[in-house]
Amino acid sequence: MSSAVDTRTVRIGTSEVGEGHPVYVIGEIGINHNGDVDIARRLINIAADAGCQAVKFQKRTPEICVPVEQRDKIRQTPWGEMTYMEYKERVEFGIDEYQQIAKYAADRGIDWFASPWDVPSVEFLEELDVVTHKVASASVTDHELLRALAATGKPIILSTGMSTLDEIDAAVEILGTERLVILHSTSTYPLPPEEANLRTIGTLRQRYGVPVGYSGHERGLQISLAAVTMGAVMVERHITLDRTMWGSDHAASLEPTGLEHLVRDIRIIGEALGDGDKRVFPGEEEPRARLRRTTV
């Protein structure tokens, strides 16, 4: 792998992602819609109102993704007792729901896309002409899926949770670096600070020469904001209407006020980081003239 840092950018929708551009913020809806299009619309509203550039979903073909030994296990759900397979089918959106989502996101002026978990889901999302595809951390070693994603020619966002550098090397070899954004991530839910390892952002940027961001599963905002100060050009966080809702991802998600504060603070940090050129700013001129002593 190349060890030369690259300042290239990747275009996603109408946004340029990379150094020198506003941080691209993704509200990860995932499966927090609980199979309800109205909840999905409300989450899109929350993301758009907060100033996110995108929302992301997850797309699976249950008969491919659900292990055979798990399919008949009984699960307690808000819709009653059902098998795990029935539950996965219950929360999975089809073409009609995603067409509604695509129109609603467009009306709100926000990008939408998804993490496909299998090849038919890539084909499904391509029919809807998503702006990009996201590789979930669980799929880093699914080379068949990666080849299908590479063949789309779309920008690819690669999450790297629970992955070794060798596994990421192999994924990048398939995906290429021309339209690639890599996200540093740790797949612990919720994420404890001692496992965040944010210095990996610099490691990935140096190793692959592509824009690098951060996908967080922590509670609170501090770690995501620290990632921005360390150069993350994309930030993804799970979002929910209420962290107490039923479902596996809600507890590690941001509620509306938290998301609003995250985007606000990311934008402030973006302004505060500046360009690195040391100079006297206009606000310093008056105190400089009044306070500065010059001696020889």
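Predicted model: local features only at pLDDT ≥ 70, side-chain atom pairs only at ≥ 80, totals over all residues.
Me: How are helices α1 and α4 oriented, roughly parallel or roughly antiparallel?
Reply: The axes of α1 (residues 37-50) and α4 (residues 95-107) come within 10 Å and cross at roughly 20 degrees. Angles under 35 degrees count as roughly parallel. So the label for α1 against α4 is roughly parallel.

Me: Which residues make that contact between α1 and α4, and how many of them are charged?
Reply: From α1 come Val 37, Ala 40, Arg 41, Ile 44 and Asn 45. From α4 come Glu 97, Gln 100, Ile 101, Tyr 104 and Ala 105. By class, the contact has six nonpolar and two polar residues, and the number of charged ones is two.

Me: And α10, how is that helix placed against α1, roughly parallel or roughly antiparallel?
Reply: The axes of α1 and α10 come within 9 Å and cross at roughly 30 degrees. The cut-off for roughly parallel is under 35 degrees. Therefore α1 and α10 are roughly parallel.

Me: Where does Phe 93 sit, and is Phe 93 buried or exposed?
Reply: Phe 93 is in the loop between α3 (84-91) and α4. Leaving out residues up to four places away in sequence, Phe 93 touches His 33, Gly 35, Asp 36, Val 37, Ala 40, Phe 57, Lys 59, Tyr 98 and Ile 101. One of these, Lys 59, is 34 residues away in sequence and 7.7 Å away in space, C-alpha to C-alpha. With a relative accessible area of 3%, Phe 93 is buried.

Me: Which elements do the buried residues of α9 pack against?
Reply: The buried residues of α9 (residues 222-229) are Ile 223, Ser 224, Leu 225, Ala 227 and Val 228. Past the helix, α9 is followed by Gly 231, whose phi is positive, near 105 degrees. As for partners, the buried residues of α9 pack against α8, β11 (212-216), β12 (234-238) and α10 (256-273).

Me: Which peptide bond is cis?
Reply: Most peptide bonds are trans. Look in the loop between β10 (180-185) and α8 (200-208), where Pro 190 has its place. Omega is near -15 degrees for the cis bond from Tyr 189 to Pro 190.

Me: What is the phi of Asn 197?
Reply: Most residues other than glycine have a negative phi. Asn 197 lies in the loop between β10 and α8. Although Asn 197 is not a glycine, its phi is positive, at about 50 degrees.

Me: Is Asp 129 buried or exposed?
Reply: Asp 129 lies in the loop between α5 (119-127) and β8 (133-135). Its phi is positive too, near 55 degrees. Since its relative accessibility is 56%, Asp 129 counts as exposed.

Me: How many disulfides are there?
Reply: Cys 52, at 7% relative accessibility, counts as buried. Cys 65 has a relative accessible area of 25% and is partly exposed. A disulfide needs a pair of cysteine sulfur atoms within 2.5 Å. By this rule the number of disulfides is zero.

Methods: Residues numbered from 1 in each chain as written. Heavy atoms only, no water. Axes fitted to C-alpha atoms, helices over the stretch in contact; angles between N-to-C directions. Helix = DSSP H or I, 4+ residues; strand = E, 2+ residues; numbered from the N terminus. Parallel < 35°, antiparallel > 145°, perpendicular 65-115°, else oblique. Contact = heavy atoms within 4.5 Å. Nonpolar A, V, L, I, M, F, W, Y, C, P; charged D, E, K, R; others polar. Buried < 20%, exposed > 50% of the residue type's maximum accessible area, 1.4 Å probe, protein only.
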